[in-house]
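Good morning, everyone. Please look at the model on the screen while I talk.

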Amino acid sequence: MDRLTLTRIVKERQLPLLLSATRRLVTPMYRAAFLAAAARSGVLGRLAVRPCDLQTLAHSLDVDQHAEELRTWLDIGVRLGELAWFDDTYRLRSRTAKALARPGREPVAAALEEVLRFHLPVLLEAPQMLRDGRRLSLSDQDGQVIARSTRVVEPFVEEAVRRTLDRDRPLRLLEVGCGAGTYVRLAAQLNPRLTALAIDLQDEVAAEAAENMAVWGLAGRVQTRQGDLRTLIAEPQFDLVTLHNNIYYFPPGDRVDVLRKARSLLAPGGRLLLTTACRGGNLGLEVLNLWFTHADFGGPLPTIEDLVRQLDDAGFAQVTTRRLIPGDQFHAVVGVNAPAGRP
């Protein structure tokens, strides 16, 4: 490096800024992207069982003909400190990689992938989207990733289901936006006489849920299909309608009508259980709110006050709310389809 170059670097200070930004901002994003891909591809799970050489990993990913390209990717994982290379094998190194590789951690890995694939782009593109008048569409999501990532709040939603579900009589459930079907499965376990209709807007998500029902031995009790609550044709026979993590898929101006349609499908005395993130929560929820603010479907996350008012306007009685996550804006709301002449 000659004196002129050194003088310019010192004067402009761009290189020190770039090095600082890379260390503090860029490298963590690289790590997150590598870990999300390694989890989704199964590399973390395989390395959790035992160290593997390159050929074994290439064969497990069905990329035998591209082993050297795979090595380039794996070696970045080594540079990032997530993997180690020892005795001609790759192995897990970081605590995060080892934690994500444990059974049952798939929702965390999916949540990480959701942040990278959906949250970061809207943060990057929001000003330009406003200038261009461009909106996000349902096709900009991967429904299967979203279905897996929302399972990070599964314990809290399950608590709401346990508190609401009748267990001592036959019960007919309608689940709107069923995702992978885990909450329908829980309901069926809690009430052996329960039958259900589970619908989801996205074909691939509904298909995955149907496959899960077959694996879980519930195909005879649970009908699963693609469907939209707004156009669903069914008798008012359901004892419980549930909407988990999806009220913001409906535009704010439509939500009262959506809730009114849900009430029309309930038998007298039937209940609606709605669980949702609300505005004013943690940073991740605020970015989720940003995403739906820029979508051509749905709309911003509600406030809890919004939901109570909308259930009232839809004709529900005895509306109650419960904060599911202490200190955060994640709530359950229950309303009753009161029989005629009763409050």
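Helices (H or I, at least four residues) and strands (E, at least two) are DSSP runs, numbered from the N terminus. Two strands pair if DSSP finds at least two bridges between them. Next, the ground rules. This is a predicted model, where local features need pLDDT of at least 70 and side-chain atom pairs count only at pLDDT 80 or more, while totals for chains, interfaces and linings use all residues. Residues are numbered from 1 along each chain as its sequence is written, and side-chain values use heavy atoms, with hydrogens and water left out.

Let's start with the sheet. Strands of a sheet pair through backbone hydrogen bonds, either parallel or antiparallel. Here we have an open sheet of 7 strands with mixed pairing. Read the order as S5-S4-S3-S6-S7-S9-S8. Which strands sit at the edges? They are S5 (222–226) and S8 (317–323), and each pairs on one side only. On average, neighbouring strands of this sheet are turned by 15° against each other, direction ignored. For such angles, axes are lines fitted to C-alpha atoms, for helices over the stretch in contact, and angles run from 0 to 180 degrees between N-to-C directions.

Now two pairs of strands. S7 (residues 266–277) and S9 (residues 330–336) pair in the antiparallel sense, over 7 bridges. Find Leu273: its bridge partner in S9 is Val334. S3 and S4 pair in the parallel sense, over 6 bridges. There, Leu171 has Leu194 in S4 as its bridge partner.

How enclosed is S3? Buried means under 20% relative accessible area, exposed over 50%, and partly exposed in between (1.4 Å probe, protein chains only). In S3 (residues 171–176), 5 of the 6 residues are buried, so the strand is largely enclosed by the rest of the structure.

Contact means heavy atoms within 4.5 Å. Helix H11 (residues 203–215) lies across S4 (194–200) and S5, and runs at about 160° to S5. Helix H12 (residues 255–264) lies across S6 (238–244) and S7, and runs at about 140° to S7.

On to aromatic rings. Rings of Phe, Tyr and Trp (its six-membered ring) pair if their centres lie within 6.5 Å; planes under 30 degrees apart count as stacked, over 60 as edge-to-face and the rest as tilted. By this rule the model has 9 aromatic pairs. Why is the pair of Trp291 and Phe297 edge-to-face? The ring centres are 6.2 Å apart and the planes are at 65°, so the pair falls in that class. Trp291 is buried, at a relative accessible area of 3%. Phe297 is buried as well, at 14%. Both belong to one aromatic cluster, together with Tyr248, Tyr249 and Phe292.

Next, empty space. Rolling a probe the size of a water molecule over the atoms shows where empty space is left. On a 1 Å grid over the protein atoms alone, a cavity is a set of points where a 1.4 Å probe fits but cannot get out, and a pocket is an open set with protein on both sides within 12 Å along at least five of seven lines; lining residues have an atom within 4 Å of a point. Grid points are joined across faces, edges and corners, and a volume is the space filled by probe spheres set on the points.

The largest pocket holds about 750 Å³ of space. Its lining has 32 residues, and Ala111, Glu114, His119, Val152 and Leu285 lie nearest the centre. Helix H7 (106–132) gives the largest share of that lining, 9 residues.

There are 2 cavities of 30 Å³ or more. The largest cavity holds about 380 Å³. Of its 29 lining residues, Gly177, Cys178, Gly179, Asp200 and Asn246 are closest to its centre. Helix H8 gives the most to this lining, with 3 residues.

Last stop: backbone angles. Most residues other than glycine have a negative phi. Asp62 is not a glycine, yet has a positive phi of about 60°. Asp62 is in the loop between H4 and H5 (67–79), and is exposed at 66%. Asp87, also not a glycine, has a positive phi of about 55°. Asp87 lies in the loop between S1 (83–86) and S2 (89–92), and is exposed at 60%.
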